[in-house]
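Here's a quick briefing for anyone meeting this structure for the first time. Take a look at it, then read on.

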Protein chains: 2
Amino acid sequence: MEPLFELAIRLPGTGSRDLLREVHRQLRDAILDGRLQPGARLPATRALAGRLGVSRNTMLAAYDLLLSEGYLLARPGAGTYVADTLPRSRRGRTSKKGAPARRDPRLVPLNVPGADLAPTLQPPRARDDFRVGLPDTGAFPFDIWRRLSDRALRRIAREPADYAQPQGQAALREAIARHVSFTRAVGCTADDIVVTAGAQQAFGLLARILVVPGRTVVAVEQLFYPSLREAMTAAGAKVVTVPTDVEGLCVERLPPEARVICVTPSHQFPTGVAMSPQRRAALLAFARARNAVVIEDDYDSEFRFAGRPLDALQTLDRAESVCYVGTFSKSLFPALRLGFVVAPPWARAALVRARELADWHGPVLGQEALAAFIAEGHLARHIRKMRKVYGARRAALLEALARHCAGRLEVIPSDAGLHLSAWLRTDSRDHAAVERAAAAGITLPPLSRFAFDPNAPGVPNGLAFGYGLIDESQIDGAIRRLAALL
Amino acid sequence: MEPLFELAIRLPGTGSRDLLREVHRQLRDAILDGRLQPGARLPATRALAGRLGVSRNTMLAAYDLLLSEGYLLARPGAGTYVADTLPRSRRGRTSKKGAPARRDPRLVPLNVPGADLAPTLQPPRARDDFRVGLPDTGAFPFDIWRRLSDRALRRIAREPADYAQPQGQAALREAIARHVSFTRAVGCTADDIVVTAGAQQAFGLLARILVVPGRTVVAVEQLFYPSLREAMTAAGAKVVTVPTDVEGLCVERLPPEARVICVTPSHQFPTGVAMSPQRRAALLAFARARNAVVIEDDYDSEFRFAGRPLDALQTLDRAESVCYVGTFSKSLFPALRLGFVVAPPWARAALVRARELADWHGPVLGQEALAAFIAEGHLARHIRKMRKVYGARRAALLEALARHCAGRLEVIPSDAGLHLSAWLRTDSRDHAAVERAAAAGITLPPLSRFAFDPNAPGVPNGLAFGYGLIDESQIDGAIRRLAALL
């Protein structure tokens, strides 16, 4: 343990009394500035004296002064520490807690409501947690991951340092191409894959290469994943919402000037509806006719519980209109931050260049570990295992909703994914119901939260139930308690 | 090994002859499409038959047909594989190799020269590799990193899945704050740190929050780090270059309308000059007077070989004008992709929100491992060790340049960093010298490469010598050979 190795102190080349004064002053300033933080251990006087080129006696005298002034504390046998009783306001530049009330004139607006002030708050964990979009990692084979990660690290250790390919590690692109070819019939090779830091970066990079600020019209579904819309508006897009029904996006309602259309055809977010084959064909025809681009977000379709999967839009696409976005945040875990785009040839180089501009390339270790995890079949095995776990939870959820909420909640049919949704068929608004549920220890999102304007008249009214975090055994009890609140 | 776990095949619910035809056709299409790639192993017939709900005899018949047609190969005792003799053009959508010649009309220009077409090429490794900006990882304690990484993974495994803070893991921000407080006298606490995916993302996010496209004037040094300028131009900045001399940036030459000023005061990139205290004060006065922002890129100043460090601009700043950018790509390794901004209070929330929009947050594992690596003193120890290694190389380089290149190369004084530079005092242009060197197995960059227009008259003419990758024992021989080429 040697956290303090080079305290930036500059000394005049003069007599020893000046040196003592300087050492004392600079150490005290460092403590008051917050550079030397409360609890920090100071170097031994001998070591620090040697490094600063002063006598040890000078150092001892400086420490003694600071000790007597209460800036330092000596713990016998354990060294000298910065006292932690200094007033908070002296400890650095963060005395103003919380976000500033107004945007500083030096800042450019981010074009996202509330974006300039504070990061999104995430709801706290509740006893019964039905948050959507989060997988269960309890059964994840972390031991295998650790082994593959160690192996990748040994390989990195053997190579001279270098920057890597912005497109992503070749082994990972190869593994992803095989994976999506089999699971989703997405026709692609490793060359077509651009690795991203989760789906969020994929949306941002696609916005970067497809949106002319202030001009490009981007269509999203009536209810949508908020971060997708934010990525588009932040890039300057004119975002319009398009109604969806039991067949998914109402293609005939697309504004003719839409140049980018964002859809979740496998498992509409958040309603769970699958887009019908007719609508898929119509959407591709629209894109082909108008030279528009479709962003297909296929975020959790690995988890399918009944029926046969419909072809991905990418699979059906014959005009290179579709950019297919996938993520490992749902099939593995979000802390990994890995996703990808299957990009048509015309978009690929620009997308790679956009990634290079954004952050050069992703961390190599995680990419290499994931490549091996996929190639050795662990991903497939984990998905298969989790499909059973989620399937059982989903069945329990459906049963509980039928038993306790019939007439009040109408489940929206859906065959896949990590959550299901239901329309609220009572007089209450979904956000009010969600607030009552939160007070009772149940977390779940209202569907209106995923609308452009949650307070607009006629906004969809319902609830989403994620089953990634909640144990099967909790579900019936939680839904029974929820039913009493509706 | 079970790479094929769910081939997306949909079957009609009809008689067995139709089923055979469908299974055969869909498998063949998958092979021709490239979804089933050459060399891929197919599932056992029994397993696939079970999953598709057809009889095993039907599956066997389908495989037999494909075997007889040459689409599949059976390896006795090892299973059935996709043949790898299919013509390349049938294997996916990447038949057109190379970048397209023109930008597709659907793409928005990236505002960076050549950006829309192909990613930056990196020079190949040479026998004598003087590339700049790359550290030696040969002495990096990868075993310690592996242990810390394993420990972090065990902690992640115990927690339910969740997204993390866009600002960065608290433990890492705490560790970085202490680290830069001591090594660079940068006054900050964990609250002031925003973790980024390397310095590149830091530049991009700062550009995002500071640059009004088409309007904001950003000043960079006469010679500069190309990715920094690209991040600025890609954000729509009007980039202007400002001369530098032996004291660093000529502050009096700054255009009054400059709103963002990007500097490398500790070790100017690429010349290595340190900005004088007078210029530092003048720059901060300029920023304060005009409400401009200074981006201080302190990329490799941990490696200091003589003299005392000058205070960071951030340390001197009393007007919250400075955004300090640090990176671990040089002190650790670039594959890690971790850097940070010490942001003034007025910029912090916007910066965090910009990161959230860009990719939500960085991978948790690498952040947690780095936090422990710093907190346990390993970073300090590694830097101290490497400072000796680099110091010896630097001394050897200076000696070799004096011995072999006197009169032809004039070394630019500098006390820190991973490279040094020299002006070329012959009639030849630096890029021509670099080409001759490359032919002789020596890689090094010409200084003119770091100019806005490398071909402009009067562009600086010199060479940079990185000593991160080259062994001390190679240096004298390489410089002797280089001298013969100058």
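Across the interface of domain 2 of chain A and domain 3 of chain A, 12 residue pairs are in polar contact, both partners at pLDDT 80 or more. Keep in mind that this is a predicted model.

**The side of domain 2**
- Helix H12 (378-405) and strand S14 (419-424) of chain A are the elements that give two or more residues to the side of domain 2 of chain A that touches domain 3 of chain A.
- H12(A) gives the most to that side, with 8 residues.
- Sorted by class, that side of domain 2 of chain A has 17 nonpolar, 8 polar and 4 charged residues.

**The interface in numbers**
- How many salt bridges are counted between domain 2 of chain A and domain 3 of chain A? The count is 0.
- Together, domain 2 of chain A and domain 3 of chain A bury about 2,600 Å² between them, and 67% of it is on carbon and sulfur atoms.

**How chain A is laid out**
- Chain A splits into domain 1 (19-102), domain 2 (128-138 + 381-485) and domain 3 (142-377).
- The contact draws 29 residues from domain 2 of chain A and 30 residues from domain 3 of chain A.
- The centres of domain 2 of chain A and domain 3 of chain A, taken over C-alpha atoms, are 26 Å apart.

**The two chains**
- The same surface serves both copies, as 99% of the contact residues of chain B recur in chain A.

Conventions
Residues numbered from 1 in each chain as written. Chains lettered and ligands numbered in written order. Predicted model: local features only at pLDDT ≥ 70, side-chain atom pairs only at ≥ 80, totals over all residues. Heavy atoms only, no water. Contact = heavy atoms within 4.5 Å. Domains from an automatic or database assignment. Buried area = accessible area lost by both parts, 1.4 Å probe. Salt bridge = Lys/Arg side-chain N within 4 Å of Asp/Glu carboxyl O. Polar contact = N/O pair within 3.5 Å; in protein donor to acceptor, adjacent residues only side chain to side chain. Helix = DSSP H or I, 4+ residues; strand = E, 2+ residues; numbered from the N terminus. Nonpolar A, V, L, I, M, F, W, Y, C, P; charged D, E, K, R; others polar.
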